[in-house]
Amino acid sequence: MATAIPLFASFKYADSLTVVGISFCTALVCEAISWILIYRTSSYKSLKYSIDKAAKKLETMKTENPSSKLTIKKSKTKKIDRVETSLKESSRDLSLFKFKSGAVVALVLFVVFGLLNSLFEGKVVAKLPFHPITIVKKMSHRGLKGDDPTDCSMAFLYLLCSISIRTNLQKFLGFSPPRGAAGAGLFPMPDPKTN
């Protein structure tokens with residue numbers, strides 16, 4: 001069975017704090033890897049700059065009052081479409097650029113999850129303050145014996161911590177995606193104008 005990290009051993013919630021602490025350390029390691037492979041490179045900085053510039057330009061073009069002439073509206077629509085296309089291409093390039101560190105980060109997360117899974121196998125690490133719905137119960141109760149729906153496994157707590165800590169850490173360190181690339185990715189949302 002699991003033994004808590006000596007720092008947390010005297011606390012009532014030692015196992016929970018251990019999982020949260022390891023999750024925080026893993027997030028730091030993943031962001032350090034991302035910084036080494038992505039964020040410090042000139043290619044990333046130029047892509048981020050072009051996305052920010054295109055997003056600001058698109059925002060100002062959309063907020064300007066269109067004049068009443070039809071030809072000016074059509075030319076403005078074409079300019080907006082060109083800027084949107086440029087923004088989408090830059091966002092796609094940025095996503096592909098980030099893909100290389102994604103494999104290394106996934107490997108780190110896989111190893112840490114395997115380690116934690118072996119340490120906390122079949123052990124309740126937290127209690128949920130609510131009775132979860134069925135699909136959440138299947139995730140939160142994964143690998144646990146017993147019928148108490150408020151029991152929480154390491155996998156569920158680690159998942160919640162990883163998502164929240166890494167996202168907030170990226171914002172704190174300034175590594176969050178540019179605002180124009182927020183909805184972009186390998187599979188961006190379809191353009192409603194094409195329907």
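Helices (H or I, at least four residues) and strands (E, at least two residues) are taken here as DSSP runs, numbered from the N terminus. The structure is a predicted model, in which local features need pLDDT of at least 70, side-chain atom pairs count only at pLDDT 80 or more, and totals for chains, interfaces and linings use all residues. Residues are numbered from 1 along each chain as its sequence is written, and side-chain values use heavy atoms, with hydrogens and water left out.

The protein chain contains five helices and two strands. Read from the N terminus, these elements follow the order α-α-α-β-α-β-α. Of the 195 residues in the protein chain, 33% are buried. The term buried denotes a relative accessible area under 20%, exposed one over 50%, and partly exposed the range in between (1.4 Å probe, protein chains only).

Two pairs of residues illustrate contacts across the sequence. Tyr 44 is located in helix H2, and counts as buried because its relative accessible area is 4%. Although Tyr 44 and Phe 97 stand 53 residues apart along the chain, their C-alpha atoms are separated by 7.6 Å. Leu 94 belongs to helix H3 and is likewise buried, its relative accessibility being 3%. Between Leu 94 and Pro 177, which are 83 residues apart in sequence, the C-alpha to C-alpha separation is 9.1 Å.

The buried residues of H5 are Met 154, Ala 155, Phe 156, Leu 157, Tyr 158, Cys 161, Ile 165, Leu 169 and Gln 170. An α-helix has 3.6 residues a turn, so residues three or four places apart point the same way. After H5 comes Gly 174, which has a positive phi near 80 degrees.

Side chains of opposite charge can pair when their charged atoms come close. The search finds five salt bridges in the whole structure. One of them joins Asp 15 to Lys 123, with 3.0 Å between the closest N and O atoms. This pair links distant parts of the chain, 108 residues apart: Asp 15 lies in helix H1 (residues 14–39), and Lys 123 in the loop between H3 and strand S1 (126–127). Asp 15 is buried, at 13% relative accessibility, whereas Lys 123 is partly exposed, at 23%.

A further salt bridge is formed by the side chains of Lys 127 and Asp 148, at an N to O distance of 2.4 Å. Because Lys 127 lies in strand S1 and Asp 148 in the loop between helix H4 (134–140) and strand S2 (151–152), the pair ties together parts that are 21 residues apart in sequence. Lys 127 is exposed, with a relative accessible area of 53%, while Asp 148 is partly exposed, at 28%. The side chain of Lys 127 also meets that of Asp 151 in a salt bridge, with an N to O distance of 2.6 Å. Here strand S1, holding Lys 127, is linked to strand S2, holding Asp 151, across 24 residues. Asp 151 is buried, at 8% relative accessibility. Through shared partners, these salt bridges join Lys 127, Asp 148 and Asp 151 into one network.

Surface patches were also identified. They are made of residues with over 30% relative accessible area and no salt bridge, like charges being joined within 9 Å and nonpolar side chains (Val, Leu, Ile, Met, Phe, Trp, Tyr) within 5 Å. Accessible areas come from the Shrake-Rupley method with a 1.4 Å probe, and for residues only the protein chains shown count as cover. Lys and Arg count as positive and Asp and Glu as negative, His and the chain ends not being counted; the place of a charge is taken as NZ of Lys, CZ of Arg, CG of Asp or CD of Glu.

A patch of positive charge on the surface gathers Lys 53, Lys 57, Lys 74, Lys 78, Lys 79 and Arg 82. Helices H2 (42–63) and H3 (70–119) each supply at least two of its residues, and the largest share, four residues, comes from H3. Lys 57, in helix H2, is partly exposed, with a relative accessible area of 48%. A nonpolar surface patch consists of Leu 107, Phe 110 and Val 111, which together have about 350 Å² of accessible area. Val 111 is part of helix H3 and counts as exposed, at 51% relative accessibility.

Terms used. Salt bridge = Lys/Arg side-chain N within 4 Å of Asp/Glu carboxyl O.
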